[in-house]
Amino acid sequence: MLSEPTDAITIREGRVTTVAGSRVIRVLPTRGRRTVGPWCFVDCMTPNDFDNPAPLEVGPHPHTGLATVTWLMQGEALHGDSLGTEQLIRPGQLNLMTAGRGIAHAELGVTGPAFGVQMWLAQPDAHRNGESRFEHHADLPQLTVGSAEITVLLGSLGEERSAARFDHPLVGLDLRMRPGTVEIPTEQDFEYGIVPMDQSIKIVDAVVEPGWLGLVSPGFDSITIEAGSAGARVMVVGGLPLGERIQMWWNFVARTKDELTEAWRDWQTGNTDRFGPVPSKLARIDAPRPTWLRSTER
Ligand code: MN
């Protein structure tokens, strides 16, 4: 049980950046840390102006070697991908898109502003060149733990298990905490990342501000989280350490620069065997040129 101060907890600040004109706080990757379990990317979509937000419009773009996990707390968006999927996502629903060797997709805000998280799972080596797939889960398990209402996006908590598929042992939870302390059951061999969305929390004695990351090392069967008088909305991601060193660049996850270059070239040359057409009225997004390529290379 993690309920005493310990160096198993480390805190990282997120950094503000923009994705297709929308403000996000990038929580993962962070300095010196690429993954938490298989989770390799966590962006908090937090409009700085809820009354006049920039529209969520992300035109067709590719992915490889990862699964995207889209989770909204406010707003609605339309997902379209090269499998032919067109799926509206609302708060409380999960969109899970697995790229394998290659997929392309677009996202268009329908009602805004979009408040939520966009996260990626690195696919392990045995799966990362496989088939792409898309799942929409409108009915996810929910349970009450102490003063928190918890939705299980991926993996399981107690007896409750999400039906969403995954390639590497993991968990993804959304906690709606009332004021006070909650003891979340955890797996001893998992590492965890804890991300408050709207209010600061404490993991034992460590303060974590909204858009920051509380990292917890493996070795505990529960973690104690405390919300202040306003309660808190908190994402918890965790998993078995991936045990593979990934390389991430732009929208691709791979293992080598050569693989990243090949994915870049396949997108830029319109290789539809790898990245098919996307049902979207938005303009296709060009990939930037890899910085490691010499200017004469194509
Ligand atoms: Mn994407």
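**Aromatic pairs and charges over rings**

Guide: The structure holds 8 aromatic pairs. This is a predicted model, in which local features need pLDDT of at least 70 and side-chain atom pairs count only at pLDDT 80 or more, while totals for chains, interfaces and linings use all residues. Residues are numbered from 1 along each chain as its sequence is written, and side-chain values use heavy atoms, with hydrogens and water left out.

Visitor: Why is the pair of tryptophan 249 and tryptophan 292 called edge-to-face?
Guide: Rings of Phe, Tyr and Trp (its six-membered ring) pair if their centres lie within 6.5 Å, and planes under 30 degrees apart count as stacked, over 60 as edge-to-face and the rest as tilted. For tryptophan 249 and tryptophan 292 the values are 5.3 Å centre to centre and 75° between the planes, so the pair is edge-to-face.

Visitor: What makes this a link between distant parts of the chain?
Guide: Tryptophan 249 is in strand E23 (residues 247-249) and tryptophan 292 in the segment after helix H1 (257-268), 43 residues apart. Helices (H or I, at least four residues) and strands (E, at least two) are DSSP runs, numbered from the N terminus. Both residues also belong to one aromatic cluster, formed by Trp249, Trp250, Phe252, Trp267, Phe275 and Trp292.

Visitor: Why are His61, His63 and His105 called donors of the manganese ion?
Guide: Donors are N, O and S atoms within 2.8 Å of the metal (3.2 Å for Na, K and Ca), and water is not among the atoms, so sites may look incomplete. The NE2 atoms of His61, His63 and His105 lie 2.1 to 2.2 Å from the manganese ion, so they count as its protein donors. Their spacing in sequence is H-x1-H-x41-H. Histidine 63 lies in strand E5 and histidine 105 in strand E9, so the pair ties together parts that are 42 residues apart in sequence. Histidine 63 is buried, at a relative accessible area of 2%, and histidine 105 is buried as well, at 1%.

**Open and enclosed space**

Visitor: How do you know what is a pocket and what is a cavity?
Guide: Rolling a probe the size of a water molecule over the atoms shows where empty space is left. On a 1 Å grid over the protein atoms alone, a cavity is a set of points where a 1.4 Å probe fits but cannot get out, a pocket is an open set with protein on both sides within 12 Å along at least five of seven lines, and lining residues have an atom within 4 Å of a point. Grid points are joined across faces, edges and corners, and a volume is the space filled by probe spheres set on the points.

Visitor: Which residues lie closest to the centre of the largest pocket?
Guide: About 780 Å³ of space lies in the largest pocket. Of its 41 lining residues, the closest to the centre are Val19, Ala20, Val24, Arg26 and Asp43.

Visitor: What about the largest cavity?
Guide: The structure holds 1 cavity of 30 Å³ or more, and the largest cavity has a volume of about 90 Å³. Of the 14 residues that line the largest cavity, Ala67, Leu121, Gln123, Phe166 and Asp167 are the closest to its centre.

**Backbone details**

Visitor: What makes the phi of valine 204 worth noting?
Guide: Phi of valine 204 is near 55°, a positive value in a residue other than glycine. Valine 204 is buried, since its relative accessible area is 16%.

Terms used:
Buried means under 20% relative accessible area, exposed over 50%, partly exposed in between (1.4 Å probe, protein chains only).
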